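Welcome! Please take a first look at the sequence and the structure, and then read on for a short tour.

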Amino acid sequence: MGDVLSKIGEGFEQSFLMAYEVWWALVLGFAISAIVQAWVPRERVEAALSGSGFAPVARATGLGAASSSCSYAAIAIAKSLFQKGASATTSLAFQFASTNLVWELGLVIWILIGWQFTLAEFVGGFILIALMAILLRAFVSPKLEEQARKHAQQAQADHQHHMAGESMGWRERLTSADAWSDVAHNFRGDWTMLWKEITIGFFLAGFIGLLGNDFFNALFITDAPAGVQLIENVIAGPIIAVLSFVCSIGNAPLAAVLWSGGIGFGGVIAFIFADLIVLPIVAAYIKYYGREFALRITALMFLVIVLAALIVDGLFSLVGLIPDTRPSRADIFSSIQFDYKLWLNLLGLVIFAALFYLTARRGSTDPVCGMKVDRSRAVRKEVEGQTLYFCSDHCWHAFEADPDRYLHRADAGDHGRHAHAH
């Protein structure tokens, strides 16, 4: 029993260390997503990222490379871009760039398993985007793409108040309490939608990280001809990734576990590439876009991940860049130290608390949909001596149709003054 409890404790510890590793990136990514949703006019996004030609894909790639490196944050930003008119091609290009072409991820991979993997990550990121752009229409028709966009927009259109920041200039937004309130409410909304998936992902990663090298190695062919071994490795890598890791930075320690245990270069690269198709993220795709579109883009990403890993392995083999040294298991998991990462995480905590505080200070909860809304722009109604706030006329009409169903929610969260829940 003592050994079991010790292992459980170690699993929780590793889950926490992985969360600590990426906390600041999560907060930054969701904050960027909230700003995009609140401040960027839909017409501007449509003009910049609509279509699937080289120019919009290049712009989406550059935007992704300058964004957060966390896959959960990347899909949240891509969702907001897609809602505002970006094409499926540019949205997916953004996601791949945001999780493969960012410096912080490259640095972590470099430290853990070497600069060759960092270079492979960057080269592979461009290959992933190119393959995705070429193959998208074989998986997603224009009709299905538009259905997915309507699904994503409908998830918010009926439950979203006017964004004050969209009509302001950038300087005015930076000093406007209304504009920052819009950001805060979108930030809170994204966390509310995905916190369960993120938490499950961290726990999965922490406990699967306890499994020994023998377990992971048994999933890969290691004694077959080189070609067979490579193909099996690059297919098994994403499958293991789907079941095991969380975020593009958080997966680096587990990629190091595989590499230290003798897994092939291509298999590790495929594993790293697959952070956008892990199960919690696929569940988020279904919430965002609907089941058919979500499953089709997941299948597309799986295929391009396998192909890109094969191409990268071939290129690096050709020029002799596949490393022949491997880290020990003791080098893999980090610890909390008094360094830059601690300060970044503290900054992330301050930003998180400040944005949630702003929603508590200026917001009330719509008793119908549960959305946190800014009281200054919500639909305001007096009901039985109580002021209620609704995100839209849609929710107000739903309340009118069956007030008894929703009044107890307002009473529970309000304590007699306002309805406050998310």
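## A pair of packed helices

A crossing of two helices is called left-handed if the near helix is turned anticlockwise from the far one by less than a right angle, and right-handed if clockwise. In this predicted model, the crossing of α15 and α16 is right-handed. Helix α15 covers residues 279-289 and helix α16 covers residues 291-318; they pack at an angle of about 140°, with axes 7 Å apart. The two helices are therefore oblique to each other.

Which residues make the contact between them? From α15 come V282, Y285, I286 and Y289, while α16 brings R291, F293, A294, I297, T298 and M301. Sorted by class, this contact has 8 nonpolar residues, 1 polar and 1 charged.

## Two nonpolar cores

The largest nonpolar core has 95 residues, and I113, V268, Y285, Y289 and F293 are those with the most contacts inside it. Helix α16 gives the most to this core, with 12 residues. There is also a second, separate core of 14 residues, with V368, F390, F399 and Y406 among them.

Let us return to Y285, one of the α15 residues in the helix contact. Leaving aside residues up to four places away in sequence, Y285 touches I75, Q95, L276, G290, A294, I297, T298 and M301.

## An enclosed helix

Is helix α13 largely enclosed or exposed? In α13 (residues 251-260), 10 of the 10 residues are buried, so this helix is largely enclosed by the rest of the structure. Among the buried residues are P253, L254 and W259. Just after α13, G262 takes a positive phi of about 105°.

Conventions
Residues are numbered from 1 along each chain as its sequence is written. This is a predicted model: local features need pLDDT of at least 70, side-chain atom pairs count only at pLDDT 80 or more; totals for chains, interfaces and linings use all residues. Side-chain values use heavy atoms; hydrogens and water are left out. Axes are lines fitted to C-alpha atoms, for helices over the stretch in contact, and angles run from 0 to 180 degrees between N-to-C directions. Helices (H or I, at least four residues) and strands (E, at least two) are DSSP runs, numbered from the N terminus. Angles under 35 degrees count as roughly parallel, over 145 as roughly antiparallel, 65 to 115 as roughly perpendicular and the rest as oblique. Contact means heavy atoms within 4.5 Å. Ala, Val, Leu, Ile, Met, Phe, Trp, Tyr, Cys and Pro count as nonpolar, Asp, Glu, Lys and Arg as charged, and the others, Gly among them, as polar. A nonpolar core is a set of buried Ala, Val, Leu, Ile, Met, Phe, Trp, Tyr and Cys residues joined through side-chain atoms within 4.5 Å. Buried means under 20% relative accessible area, exposed over 50%, partly exposed in between (1.4 Å probe, protein chains only).
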